[in-house]
Amino acid sequence: MSKPFQFKQFTVHQDRCAMKVGTDGVLLGAWASLEHQPDSILDIGAGTGLIALQMAQRSPAELIDAIELDEAAYEQCVANFEASAWSDRLFCYHAGLDEFVDEIDDQYDLIVSNPPFYSENVSSGDASRDQARQNNSLPFDELIEGATKLLSATGVFSVIVPFKEEKGFIAMAKESGLFPNRITRVKGNPKTDFKRSLMEFGRSETNTLVDELIIEVERHQYTKQYTDLTKSFYLKMQQ
């Protein structure tokens, strides 16, 4: 039984979710820019609801929607939303992205997604975990196409993908008319290779701001940059 994950302002129950709370989600929820002051936010593939909850903590947006296909994860997401201080602003749809796109006329000022990835066919012996991790349940091209349709004219789409997928993802996004504004490449410590790319897209071409984020100097010794980014959420990080 996996224990609830306690953050500073909310708790995430995760015993019914294949994909548990992890660094990727917390990073994206902390990193996604709110500078354009979005009134409406959508989390695609919400899982436990972690990123939508982070958005509710960080943003006064009236409308924060989430979509989740897996039934058990959807139910858990709803329960986590209802137990939070922002339950009146959070709503989860039990749907796949394609059906959601077909049914919803709204557009969103900010779309966030920590999509399932592992294009390799790895099997952990747990079918729902494998589906959550393999991008055949939400291929990148389908994610980009859906985001393009649901994004408002001045909206921003923020996503985290494996570093090795960065170039391909950017090329696919450009074909759909989305261009990278900002990229932060993430590595675990100074000696390792880049592992993830945090990317923000918009509808107009600009100079892409590129930087990097190192999580730890040594084991459990976090960099100032990582601490500053995540301290509003993690209990172990002092304000």
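Reader: Does T206 count as buried, exposed or partly exposed?

Author: This is a predicted model, in which local features need pLDDT of at least 70, side-chain atom pairs count only at pLDDT 80 or more, and totals for chains, interfaces and linings use all residues. Residues are numbered from 1 along each chain as its sequence is written, and side-chain values use heavy atoms, with hydrogens and water left out. Buried means under 20% relative accessible area, exposed means over 50%, and partly exposed lies in between (1.4 Å probe, protein chains only). T206 has 43% relative accessibility, so T206 counts as partly exposed.

Reader: Where does T206 lie?

Author: Strands are DSSP runs of E with at least two residues, helices are runs of H or I with at least four, and both are numbered from the N terminus. By that numbering, T206 lies in the loop between strand 9 and strand 10 (209-214).

Reader: Which residues is T206 in contact with, leaving aside its neighbours within four places in sequence?

Author: Contact means heavy atoms within 4.5 Å. F179 is 27 residues from T206 along the chain, and their C-alpha atoms are separated by 7.6 Å. With the sequence neighbours within four places left aside, the contacts of T206 are P180 and N181.

Reader: How many helices and strands does the protein have?

Author: Of its 239 residues, 51% count as buried. Among contacts between residues at least 6 apart in sequence, 68% join residues at least 24 apart. The protein has 8 helices and 12 strands.

Reader: Which residues of helix 7 are buried?

Author: Helix 7 covers residues 166-175. Its face turned away from the buried side carries the exposed residues K167 and E175. The buried ones are E166, F169, I170 and A173.

Reader: What do the buried residues of helix 7 pack against?

Author: One partner is a helix and the others are strands. They are helix 6 (140-150), strand 7 (151-162), strand 8 (179-187) and strand 9 (196-202).

Reader: Is helix 6 parallel or oblique to helix 7?

Author: Axes are lines fitted to C-alpha atoms, for helices over the stretch in contact, and angles run from 0 to 180 degrees between N-to-C directions. Under 35 degrees counts as roughly parallel, over 145 as roughly antiparallel, 65 to 115 as roughly perpendicular and the rest as oblique. The two axes come within 10 Å and cross at roughly 40°. That makes helix 6, relative to helix 7, oblique.

Reader: Which residues of helix 7 does helix 6 meet?

Author: Helix 6 contributes F140, D141, L143 and I144. In helix 7 they meet F169, M172 and A173.

Reader: How is helix 1 placed relative to helix 2?

Author: Helix 1 (residues 23-31) and helix 2 (residues 50-58) pack at an angle of about 30°. Their axes are 9 Å apart. That makes helix 1, relative to helix 2, roughly parallel.

Reader: How many of the residues of helix 1 are buried?

Author: Helix 1 is mostly covered. Its buried residues include D24, L27 and W31.
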